[in-house]
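Hi,

Here is the model I promised to pass on to you.

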Amino acid sequence: MTISSLIQTATSGLRASQAGLDVVSQNVANAGTVGYTRRVSVTQELISGTQPTGVAVLGANRVLDGILQKQLRLESAGAGYTGAKANALADLERAFDPSGGTGSLADLANGFTSAISSLANDPGNYSTRSSAVTAAVNLASSLNSLSDSVQTARQNAEDRIDAAVTDVNGILDGITAAGAAFRANVGSGSNPALLDQRDALIDRLSTYLDVKVTPGADGAVSISTTGGLLLFDGVNPTTLSFDRHAPLSTDLAYSTDPTKRGVGSITATDALGKSRDVLALGQIRSGSIAAYVELRDDVLPQAQAQLDSLAAGLAAALSDKDVAGTAVPAVAPSTASGFSFDLSQLANGNSLTVSTKVGATARTVTFVKAGSAAAAAAATSPDGSRIGIDFSGGAASVATKIGTALGTNFAASASGTTLQILDDGTGTASVTGVSGHVSVAGLTTGDPELPLFVDQGGGPYTGSFENGTQLSGFSARITVNGGVVADPSTLVRYSSTTLSGDPTRPTLLVGRLNGPITIPGTTGLNGNVPVSGSLGSLANRIVAAQAAGANDAKNLDDGQKVVLNAVQSRFTDQSGVNIDNELTQLIQLQTAYGANARVLAAGKELLDTLLRIGA
Amino acid sequence: MTVIAYGNGPTASRLAVQSFDRLRTQLNGFQSQLSTGKVATTVAGLGIQGSVSLGLGSTASRLEAYQGNAQDASLRSQLIGTGLQQLDALGSKLASGLTDTVNLPIGRKYVVDTARGSFEQAVDILNSSLGDRYLFSGRATDTRPVLDSDLLLNGDAQRAGVKTLIDERTQADLGTAGLGRLTLASAGTTTTVSEEAYGLPFGVKIAGIAATGAGLAATFTAGAAGSAGPPAVPATPASAAIDVTGTPVDGDAVTYTFTLPDGTTGTLTLSAGAAPADGADGAFAIGATPAATSANLTAALQTALQTFVTNTVPGASAAKAADDFFAARPGAPPPRVDTSGGSAAAATAIVSGTAANTVIWYQGDDGPPSAARGTNPARLGDNQTIGIGAQANEAPFRALLAGFAVLAVQDPAPATPPPDDQTLALLDRARTRLTGQTSGTAVRDLAGEFSLAKGTADAAAQQLSQAIKHVGDSQAAIENADPTEAASKLIQTQTRLQAAYQTTSTILRLSLVDYL
């Protein structure tokens with residue numbers, strides 16, 4: 001050990017302390033910077049040959065747990081998903097149930113039933129009639145505005161996907177720039193500042209998408225979604241684009257076929273210029289984008305379908321009647337008997353149910369009137385229990401089609417508009433019944449049924465399948481029959497001779513409102529099982545379903561936040577800057593600096609002493 | 001959207017901020033609970049109880065509709081019931097006064113005036129309405145069911161009222177000879193009373209004949225429809241023959257049974273007896289020979305029959321005409337005597353009146369009166385309905401009005417007062433109508449029906465109001481915030497928040513920086 005080496009060692013110590021102080025000052029300065037990870041200076045004993053010659057500063061290292069970071073990004077994607085869903089559903093729930101019940105769908109449905117019930121009790125009363133009309137108008141406009149809310153929420157989701165995609169592209173550009181910086185400065189792969197900057201971008205990305213980061217050599221990373229969409233290959237980003245549609249309406253839906261698609265889809269274009277539909281491939285599984293896509297294409301359309309089914313059920317329950325076919329006895333010498341039915345009563349969407357029996361096998365087929373071949377195909381159910389019949393070819397062609405559907409044991413023929421279905425007369429096959437489900441269109445036709453709720457333009461709701469189903473978006477169009485609004489006495493008067501106090505029609509309406517009205521299983525109110533009940537109970541079910549959906553989403557989001565918080569806490573404990581720690585470090589470094597300076601001073605004194613000896 | 005921000009300072013301070021947020025949100029929640037009194041402002045805020053609360057709201061709304069129905073039904077049945085009690089009182093008051101006062105001229109005027117007053121009052125009661133709704137009009141709630149009382153009694157220039165109908169019918173029933181459309185003939189020792197013609201809708205009908213004693217033989221021959229043939233058989237009217245086959249002893253009697261126009265029966269008995277035995281005293285003189293006795297019998301019968309018809313037919317005819325008049329409804333005008341052949345006394349047929357020539361007293365619901373209750377069903381529950389409809393043309397009301405009318409159209413002070421027996425027969429017809437004997441159901445029975453309905457409606461309203469209260473309580477238990485609990489939670493949270501502020505501020509202020 002020489003004096004000069006002593007001085008050299010002390011100098012390296014001073015340098016190390018200086019570097020340490022540098023890191024501390026950076027840590028303290030960046031204590032509040034988002035994405036900043038705490039750094040520690042790394043030193044190493046300097047050895048020359050076998051002799052220790054001081055301390056070397058290797059640089060500053062990030063204090064970072066890679067696994068924890070991965071988990072954090074996963075959870076933040078989850079939180080992005082649950083948060084977006086919870087917020088959107090909470091907004092929607094407020095529309096369904098404004099201010100604790102008053103004016104809500106359930107409230108108005110109950111109010112309408114009560115008003116009709118009062119009308120049945122006092123049919124002749126003018127004010128009872130007007131309040132029934134008012135209640136009907138309120139109910140219809142509530143359905144309209146709810147449908148509007150649902151579509152607005154869909155539009156919001158569409159807009160947010162658009163904004164998110166723009167943001168994601170911006171972030172990917174940032175990541176690309178960071179990647180370029182790594183490549184430009186060889187050996188910068190461990191530069192904590194560059195790494196922090198890039199990681200912060202990836203963190204932001206993780207709230208939109210479920211990202212998976214694969215580290216490469218020298219700071220390079222490739223980024224993809226867990227669903228397999230490559231977002232950044234280490235050099236070039238994938239460009240996402242979104243063709244935003246506006247305004248959205250009930251009949252516009254997502255389809256993998258771009259020509260049938262009524263809403264936007266995310267297209268990814270990679271570095272080679274190849275494009276593909278990300279949504280069709282299901283490559284985004286979490287994050288806020290996935291939540292908005294799910295809201296737009298599944299959750300909200302289901303809410304819309306519930307409203308549509310309620311509106312359709314309501315309109316049909318009040319206006320539809322069943323008409324039995326006329327029995328046709330066997331006329332000798334023929335032994336064939338059956339039923340006849342006047343087809344002119346049927347409107348598009350109305351149905352004719354034919355029950356037959358061959359031997360011991362009973363069969364019931366429902367034929368739905370359609371105005372075109374396309375509508376007939378749409379009306380046909382996959383299980384064959386409901387068959388759409390194109391009526392555009394006239395009664396004779398209808399008879400032919402029905403005859404074909406019924407099979408060889410039965411003969412269908414038409415004369416004028418009257419359809420006749422006969423068995424084969426052998427006794428093994430028989431037509432057991434023919435009945436039509438008919439919508440009453442007029443107000444005073446003599447039928448106590450009343451088309452109180454009609455489609456836009458005043459046409460009756462018949463459940464037609466022309467140009468897309470009449471059901472789709474009916475809640476947006478349902479309105480109270482203008483004839484009833486103009487003359488509320490038609491709530492009671494079902495023919496020109498009906499007495500003003502005749503309770504027949506209101507009593508029938510109350511009975512129909514008390515149900516059961518059936519909402520099909522496809523609306524998801526009760527799994528896949530249809531739900532039946534009174535108008536009020538169905539409205540309750542729908543409001544409760546929205547409330548439950550909002551609650552579930554909120555609970556999920558709360559849970560996700562707890563998880564995210566826990567991961568964040570652990571991450572922060574490890575990688576965050578603690579001022580107390582830093583200052584303790586500072587004191588230590590100050591002391592070390594002082595001590596090194598002291599050693600240097602001592603070395604100087606030793607040299608001075610030596611020089612004095614020489615003098 | 002969740003912003004992830006890590007690495008920015010001590011975890012403690014960040015978590016502190018989060019917990020402040022949480023506590024503040026809680027604080028706001030309790031504050032709004034206190035100010036609104038509700039646990040949450042949305043169904044979702046009620047959590048799992050939300051759908052229960054919705055269901056309860058829907059139940060309450062349904063029950064409230066039923067309660068409204070029940071209260072309305074109670075009010076209406078009470079009004080109808082009160083009206084019916086008044087009608088009943090009018091009827092019984094007049095009926096009970098009929099016998100005592102009638103034999104005096106002043107009594108006759110009193111009865112006629114009272115009957116007229118009661119008739120007018122009854123029409124007013126049947127025309128009573130609640131709000132815009134006529135109570136006795138069935139489903140035709142906007143139509144006044146009964147026309148003006150004066151029009152009903154006297155008609156107007158074009159249309160005949162009940163008075164005209166009674167006059168016509170009385171004439172038709174009495175016939176030109178005043179023998180009630182009967183003829184009397186004798187041949188040999190046989191005296192025969194026959195109806196004027198077979199199937200004649202007017203007059204007295206022979207129901208039977210019976211004789212006591214060995215010298216009298218009675219034969220009843222029912223009427224027979226003729227046949228156009230061939231061979232043509234003429235129709236034969238009913239007849240009753242009495243053949244004097246021997247010499248009857250004192251007290252032997254012949255009894256005729258007649259059916260009067262209103263369907264009641266009357267009997268005429270002639271006994272063999274001592275002079276004068278002229279029929280007026282209900283006896284015929286026994287002659288020396290059967291032929292002489294027969295001649296006496298014929299003469300006595302002529303007188304007795306005349307008296308019988310004079311005394312009984314006007315009352316019965318009036319009752320029949322009034323019954324017919326009040327049985328009419330918009331779709332079925334009352335029957336009229338066909339006077340196209342000249343006088344009513346010689347009329348042989350009944351024609352239907354028309355709205356142009358006859359007053360149709362009832363203008364309300366044309367449905368069957370027997371189904372009147374069903375014209376206004378009040379729904380008191382999912383499965384409970386009471387019928388509280390009423391029609392002015394229900395049988396008890398018709399009978400009551402007919403009872404009043406037959407008396408009201410009488411001349412209060414005729415120049416020649418009718419025989420007492422005739423008056424009594426009329427009073428008798430009026431009384432059976434006023435007391436509901438002819439209609440089976442009396443007005444008071446209907447009053448009972450409606451008071452029962454009111455009881456049912458009241459009980460239902462009470463039950464419903466309890467049920468609504470229970471539902472409301474259950475709903476309040478879910479929806480309403482307990483102010484005490486909310487206030488105490490508010491204070492607790494406030495304290496916790498203050499404590500958290502205090503500690504956090506102390507901890508955050510505690511920095512090594514200060515000690516260097």
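Below is what I found, going from the whole chains down to single residues.

First, the ground rules. This is a predicted model, in which local features need pLDDT of at least 70 and side-chain atom pairs count only at pLDDT 80 or more, while totals for chains, interfaces and linings use all residues. Residues are numbered from 1 along each chain as its sequence is written, and chains are lettered from A and ligands numbered from 1 in the order in which they are written.

**The two chains**

Chain A holds 14 helices and 22 strands; helices (H or I, at least four residues) and strands (E, at least two) are DSSP runs, numbered from the N terminus. Its radius of gyration is 39 Å, well over the 25 Å that the globule rule gives for 615 residues, so chain A is more spread out than a compact globule. That radius is taken over C-alpha atoms, and the rule is 2.2 Å times the number of residues to the power 0.38. The C-alpha trace of chain A spans about 150 × 55 × 40 Å along its principal axes.

Chain B has 10 helices and 14 strands. With a radius of gyration of 42 Å, well over the 24 Å from the globule rule for 516 residues, chain B is also more spread out than a compact globule. Its C-alpha trace covers about 165 × 60 × 50 Å along the principal axes.

As for burial, 46% of the 615 residues of chain A count as buried, and 43% of the 516 residues of chain B do. Buried here means 20 or more other C-beta atoms within 10 Å of a residue's own, exposed means 12 or fewer, and partly exposed is in between, with C-beta atoms placed from the backbone.

The domain assignment of chain A gives domain 1 (3-63 + 579-614) and domain 2 (314-533); such bounds come from an automatic or database domain assignment. The centres of these two domains, taken over C-alpha atoms, are 93 Å apart.

**Where the chains meet**

The contact takes 64 residues from chain A and 46 residues from chain B, where two residues are in contact if their C-beta atoms, placed from the backbone, lie within 7 Å. On the chain A side, the elements giving two or more residues are α2 (66-96), α3 (105-121), α5 (192-208), α13 (535-575) and α14 (579-614). Of these, α13(A) gives the most, with 15 residues.

**Strands in chain A**

Strand β16 (residues 418-423) of chain A is mostly covered, with 5 of its 6 residues buried. Strand β11 (residues 338-342) of chain A is joined to β16(A) by 5 bridges and runs antiparallel to it; here F341(A) has L419(A) as its bridge partner. Strand β15 (residues 410-415) of chain A is joined to β16(A) by 6 bridges, again antiparallel, and F410(A) is partnered with D423(A). The hairpin of β15(A) and β16(A) has 2 residues between the strands, and G416(A) takes a positive phi near 65 degrees there.

V323(A) sits in strand β9 (residues 320-324) of chain A.

**A covered helix in chain B**

Helix α5 (residues 162-174) of chain B has 12 of its 13 residues buried. Its buried residues pack against α4 (149-154), α6 (290-327), β11 (335-337) and α7 (395-408) of chain B. Just after α5(B), G175(B) takes a positive phi of about 80 degrees.

**Backbone details to check**

- A cis peptide bond joins A246(A) and P247(A), with omega about -5 degrees; P247(A) lies in the loop between β6 (239-242) and β7 (266-269) of chain A.
- N467(A) is not a glycine but has a positive phi of about 45 degrees. N467(A) is exposed, with 12 other C-beta atoms within 10 Å.
- R181(B), also a residue other than glycine, has a positive phi near 60 degrees. R181(B) counts as buried, with 29 C-beta neighbours inside 10 Å.

How values were computed. Pairing = 2+ DSSP bridges.
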